[in-house]
Structure formats: C-alpha cells, structure tokens
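Have the sequence and the 3D view open together for this one. We'll go through some backbone angles, charges and a helix, one stop at a time.

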Amino acid sequence: MRRWMKKAAAFLCVFALLAGAAGCGKDFTVVLTTGLKKNEVFRIEKMSCTLPELMVYLTNLQNRYEAVYGEEIWGAKTEGTSLEEEAREQVLAELAQVKTMALLAGEREVTLDEKEEQRVTAAAAEYFGSLNETEVTALGVDEALIAQMYREYALAGKVYRQIVENVNPEISDDEARTITVLAIRMEDEADAQDVCRKAKEEGADFEALADQYSEDTAISYSFGKGEREEAIESAAFNLGKDEVSDVIEAQDGYYILKCISTFDEAQTQLNKEKIANQRRNEAFNREYDSFVNSLVRRLNEELWDSVEMIHDENVTTDSFFTVYNQYFQTT
C-alpha cells in the first residue's frame, strides 16, 4: 500500500502545472479574510480565482487520476491525509502560482503577441467545444473563462522563460558524471568486513555475494554527484572500473561497492540537462519568491472548505492541459 500511495502522490507532481518552473507543490500561504465575492475562491492583489476555474483544474486532475487508479483511490490515506485532500491542495497551489506569475508578467510588461492570442482563442474554442452540457453546467464555465485561463497560463509560461533565458550554465562532464555500481548493504560491520574480504581477496563473484548477503533487494545503482550520502559518493567516485571498495560506514549500515561503469555518457548528458534545469529554477525562484512575498493574498475559507470533487459518469473531461500543449508546446 505504501509503494502504491507513493506512486499516486508522484502523479500529482507529474500533473503539476508549468513543469520545470517552480516545482511541485509550492505552498499557498494566505491571509484569511472576508470581503471576497461569493464565487471567489481566492484573490492575490487584483488577480481573482473563481470556483469554476478551480473546478476545471480539479476535475481534469481527478479524471486523469481515475483513469490510472480508479475512483476508489480518493479514500486512500497516507499519514492521516486522503489523496483527495492532497489533490485539492495541489490544485490550489498551482492556481495560486499561475495567478502570481501572471501578475509578475504584468510587472515585467510581458504580454502575449497576436499569434499567441490567436492560439489562446483556438485552444479555448477546442476545449470548450469538447464539453458536453452536463460538464458545462457542473463546471460553471463558458468559453470566455476558458480563454482567460489559457491566457494566464500562457503568460505564466512566458514570464518564466524570460526570467531564465539568460541562464546558460556550463556544466562539465566531471560535474555531471554518472556512474554505476553494485552495492551490498549490511547491518553488522564484522559481517560486512568478512564479505568484503571474500570479494577482494578471494575473488568471489560480487553479484552473487550481493544476492546472498545484501539487506536491500536492489543491488545496482546509477547516480551523479550530490545524489547520495557523502561517504558513499566519495568512495564510489574514487573507484576504477571493476574495483571493489573497502567497507563504507553510512547512516543506514555498512556498504561494499563494486564499480561497473565510471562514465555513462548517455546518463551524463541527461544529468547535465537536469543540473541546468535546476539552476534555471533557482534563478526563477529567487525572483518569484521575492515578488510573491510582497503580495496580499486572501482566501475564501468557507467556499474553499466546501469544494468537492464531481462524481458524475457524464463528467469525464480531462483534456484541458492536453489542448493547451497542442497549441503552446513549441513556444
């Protein structure tokens, strides 16, 4: 059950909007107050989020999720929180981020050009046209609202790209180097020393030793710098191909490593892209966090607490973001 819940929770991050922008699940910290309109879930400065907007996001997430795990997934709980509650919070955070980034676009005088506006109009027509009458009523949307949502989403993506466009980190092969090792983890140091002796002095087959003695099911690992505990990383990156380490004391036991590959070119290139994206996100987050901390945020707590998923066999829409990507994935 725990592994299944982790996979399900990871799906929420995959669904996270503006992939690569500010990451999954940025908190939506608000000042709780009155004065919002009846249908207004929250307001950040002049940017308002209405209930229909939230229901579009939530319902699309819900239907995509149920296609993978089934409707019963929403009752599952981890650490006392149901997956439905996590999904609601994720949607709130994502919408707050989009609204904030649209405000930041205004601050930076970022606007959509004529072609982008045409894409907004076309995407809104396509998505709204895909909704049946039950869905239109249940979500409470019209085509103009869908266009507004796509416009804000496009502005958020555009301001992100503007902020990071000059971030072009040069990453060396060594910095991004990915290696592959076989690992034996044991809880007793004396036993680990004995197994290490068998591997190094007696030439016993390392993989067979790992299958017999390791406390972990997985024995093969590929990783780059900064991805493992320092003691393990330091030992691993100093091994030559086919070399076996001494016993390494780590937080969760004692390790013996055998280096299978000192340089995986394909994985290293992927790691370069990962590091570059991390640095772009860091540059974006510095500006985003500074901006968001200056904003007044208000949440309609009563309305928010009343939000529930729609359980209706006639409400199956799940293409809001797919349609967006069809029109904006190359920009």
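Glu45 is partly exposed, because its relative accessibility is 35% (buried means under 20% relative accessible area, exposed over 50%, partly exposed in between, with a 1.4 Å probe and protein chains only). You'll find Glu45 in the loop between strand E2 (40-44) and strand E3 (47-50); helices (H or I, at least four residues) and strands (E, at least two) are DSSP runs, numbered from the N terminus. Glu45 isn't a glycine, yet its phi is positive, near 50 degrees.

A quick note on what you're looking at: this is a predicted model, where local features need pLDDT of at least 70 and side-chain atom pairs count only at pLDDT 80 or more, while totals for chains, interfaces and linings use all residues. Residues are numbered from 1 along each chain as its sequence is written, and side-chain values use heavy atoms, with hydrogens and water left out.

Asp242 also has a positive phi without being a glycine, at about 70 degrees. Look for Asp242 in the loop between helix H10 (230-237) and strand E8 (248-250). With 46% relative accessibility, Asp242 is partly exposed, whereas Lys241, at 55%, counts as exposed.

Now for the charges. Side chains of opposite charge can pair when their charged atoms come close. A salt bridge here is a side-chain nitrogen of Lys or Arg within 4 Å of a carboxyl oxygen of Asp or Glu, and by that rule the count comes to 13. Here are some of them:

| Salt bridge | N to O distance |
|---|---|
| Asp194 and Arg197 | 2.7 Å |
| Lys198 and Asp194 | 3.8 Å |
| Asp242 and Lys241 | 3.7 Å |

Salt bridges with shared partners tie Asp194, Arg197, Lys198 and Glu202 into one network. Asp194 and Arg197 sit three residues apart in helix H8 (residues 189-200), about one turn of the helix. Lys198 and Asp194 are four residues apart in helix H8, so about one helical turn separates them. Asp194 is partly exposed, with a relative accessible area of 31%, and so is Arg197, with 32%.

Last stop: helix H13 (residues 320-328). Which residues are buried there? They are Phe320, Phe321, Val323, Tyr324 and Phe328. Looking down the axis of H13, these buried residues fall within an arc of 155 degrees, so they line one face of the helix (the arc is that of the directions from the helix axis to the C-beta atoms).
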